[in-house]
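Okay, thanks everyone for coming. I'd like to walk you through one structure today, so let me put it on the screen.

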Amino acid sequence: MEPSVDSAEFFDHGDLVAVLSTQPLGRALDYRAPEGGCHLGAFVEVPLGPRKVLGVVWGPGKGDYDLSKIRHVIRVLDAAPMRAEMRSFLERAAAYTLTPMPAMLRLATRAPGLGDPPSMRKVYRRGEAEPSKMTDARRRVLGTLDEYGDLSFTLKELADLAGVTPSVVKGLVAQDAVREEDSPRDLPFLPMNPALPSKELTEDQATAAAALAEGVRAETYATTLLRGVTGSGKTEVYLEAVAAALRAGRQALVLLPEIALTEQFLARVQERFGAKPAEWHSGATMTERRRIWRMVGQGQCQVVIGARSALFLPYQNLGLIVVDEEHDTSYKQEEGVLYNARDMAVLRAAICGAQVVLASATPSLESWANVEAGKYNRLELTSRFGPAVMPKMGAIDMRGEGLPSDKWVSPSLQAEVNTRLERGEQAMLFINRRGYAPITLCRACGHQIGCDDCDARMVEHRFLKRLICHQCGESKPMPEACPSCEAVGKLAPVGPGVERLGEEAAAIWPDARIATLSSDMYGSARALKAEIAGIAEGAADIVIGTQLVAKGHNFPNLTLVGVIDADLGLQGSDLRAAERTFQLMRQVAGRAGRAEAPGTALLQTYQPEHPVIRAILAGDEEKFWTAEAAERKQAGVPPYGRMAGIILSGPDVAQVFDAGNFLAQRDAPLRQIGAQVFGPAPAPIARVRGRHRVRLLVKAEKTALLQDALAVWIAQLRLKGDLRLAVDIDPQSFY
């Protein structure tokens, strides 16, 4: 364990200290310690040119600068110094992801007003009365307060969220429609009570819970894969590990992939421990974020439920990290600092001697391989909880359905939905829309057009009327006839949109209540939560959804899931395509038949004989993993090889390609470790916000020192003007 603040290094007034700031400078700068001195790790405010910026004392100064020009630290902020284990975590995460340290520090200081002294302040909540006169502005204020439940806001925050001036809020205070209260700036969270009774556990749940609790009590690092079918009670099991951490006086972090889905989960945590945990995610108010950041650092917050950025909170004594749905792609941060929260959770726990629980019904191949290699432990939950049984799985062979090219719901699936509607049950139409490059498929024989030079599928670029490979950059004209069965006019890019599917469903079932669930269709996480709760209570007959609906919802009356495009992503330009299809289809099927009524999951496919489709229908997970692992081993790709994506972007397409070619031609540092470079090729999404994007892919042996070689390789390129370069270690998506 790391030393306490008292035994850490202390710098007296005037000593040279190195301060790492959140500004993009690339290194720590020298300052003199302020009056009263400062500890190693102290949060400080320092002058930088004419500005004052936030920084952390990272160590003794170097003194390699004109000493007469070195300025003093302005002040030490009223926050506990950053602990040695946190500094170590940031340094090691930066080295692994090739991220500059200031960007890592920004992740660890995402709380406003860190330096404000503790004092009273005014906060605003919903009052009892209604205003005598309702205006549009007043309605927006009250609507915002209602939407956020019992959270409190500062005046500015409430006014900004509602889009009104502060005087509108003050007017509502005068009419008792909004309450103004004095509140201490940051209150501790209510204590959690691990002694409250847990739900009654089945035999295999109790065995797994005891094993996890024992690991937590040992206060050493280990990672355990907790695998169980949907509905087997993984949550109840890992909540017992949380209870063990609380009994040991340590903090626990539970990461969830989709923070909009936490309402049911928070209720379960509150029921188990008698108090609400802290909720850290983009939907939390700034006031709440600051409170969590401070209380976590003081040990006054025992359990945090959060999105991936909750990993960077300043835990005082972290004993357990749970990564729920560990295979989920949203754990990979795809903008700014490119990191995988699952991998970073393992790194953080290894540094501070904590346990990691990776929970999933369909684990990632990486975690499966780590279990096989003996790096992770494995616990299995085999039975579904209560009366629920796994749904019946079936395939609809689309080659015999005679569906026109502008329609997506087959006659067979329509008949099944009709049966459910007549019985007063719910049906779901699922489309595999997000996260995959589109594939071009023959609707007569199921053939997909592949690249002649590598193992990826080709993607239609409609404005070029060409097919392009996003791995090596090769392109060819879009053929009229299918290269396999020679049928003319049957080639189609697969993948309808949610809106198109919604229109089709409304035309087929004009009297049905249809709800569309897609994360980009709701303005806020809370609006999405409300919609989900309504569907669970029976407010819709047919639910149309994307990947969002595969995650953790319980719709008791849902008895049929129809997967519209099971083929999409099976052989996309993504090495994890088969794995993701397998996981997603299994998870979506798990939504059906959660209560007494048995469920059915039907997959519409043009390739019913494909090994992945057959493995899904048979439910033979081990067989699928073994086959998929063998294929990846042979190809030398993760988790049996190493990969990095280099994404170059800029407003001038020629300049971006020139930079890509410059790197491709100067690959000597990579050849020295036996690595290969593919590309440059246009990214599948070739323009984003007016910036042209070009990718290179680097492939290396599992044992290669990839980061060191990459650093030397990309240092050869001088970034001029508006050209940007991002390195993506272990890329999860190839867009």
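Let's begin with helix 12, and with a quick check on its length. It has 12 residues, and at 1.5 Å a residue these should span 16 Å; the C-alpha atoms at its ends are 17 Å apart, so the two agree. Keep in mind, please, that this is a predicted model.

Now, which residues of helix 12 are buried? They are L413, V417 and R420. Around the axis they cover an arc of only 55°, which means they sit on the same side of helix 12.

Okay, step back to S410. You'll find S410 in the loop between strand 17 (392-397) and helix 12 (411-422). Is S410 buried or exposed? Its relative accessible area is 0%, so S410 is buried. Its side chain has a polar partner, too: there's a contact at 2.8 Å with the side chain of Q604. If we skip residues up to four places away in sequence, S410 touches Q604 along with I396, M398, E401 and L403.

Let me jump to another spot, F43. This one lies in strand 5, residues 43-48. F43 has 2% relative accessibility, and therefore counts as buried. So who is in contact with F43? Leaving out neighbours within four places in sequence, the list includes L54, G55 and V56, then V76 and L77, and also T109 and W293. As for W58, that residue is 15 places from F43 along the chain, and their C-alpha atoms are separated by 9.7 Å.

Last bit, the whole chain. We've got 20 helices and 31 strands in there. Of the 735 residues, 55% are buried. Take the contacts with a separation of 6 or more: 76% of them are between residues 24 or more positions apart. The accessible surface comes to about 30800 Å², with 51% of that belonging to carbon and sulfur atoms.

That's what I had; happy to go back to any of these views.

How values were computed
Residues numbered from 1 in each chain as written. Predicted model: local features only at pLDDT ≥ 70, side-chain atom pairs only at ≥ 80, totals over all residues. Heavy atoms only, no water. Helix = DSSP H or I, 4+ residues; strand = E, 2+ residues; numbered from the N terminus. Buried < 20%, exposed > 50% of the residue type's maximum accessible area, 1.4 Å probe, protein only. Polar contact = N/O pair within 3.5 Å; in protein donor to acceptor, adjacent residues only side chain to side chain. Contact = heavy atoms within 4.5 Å. Areas by Shrake-Rupley, 256 points an atom, 1.4 Å probe, with all protein chains shown as cover. Expected span 1.5 Å × (residues − 1). Arc of directions from axis to C-beta.
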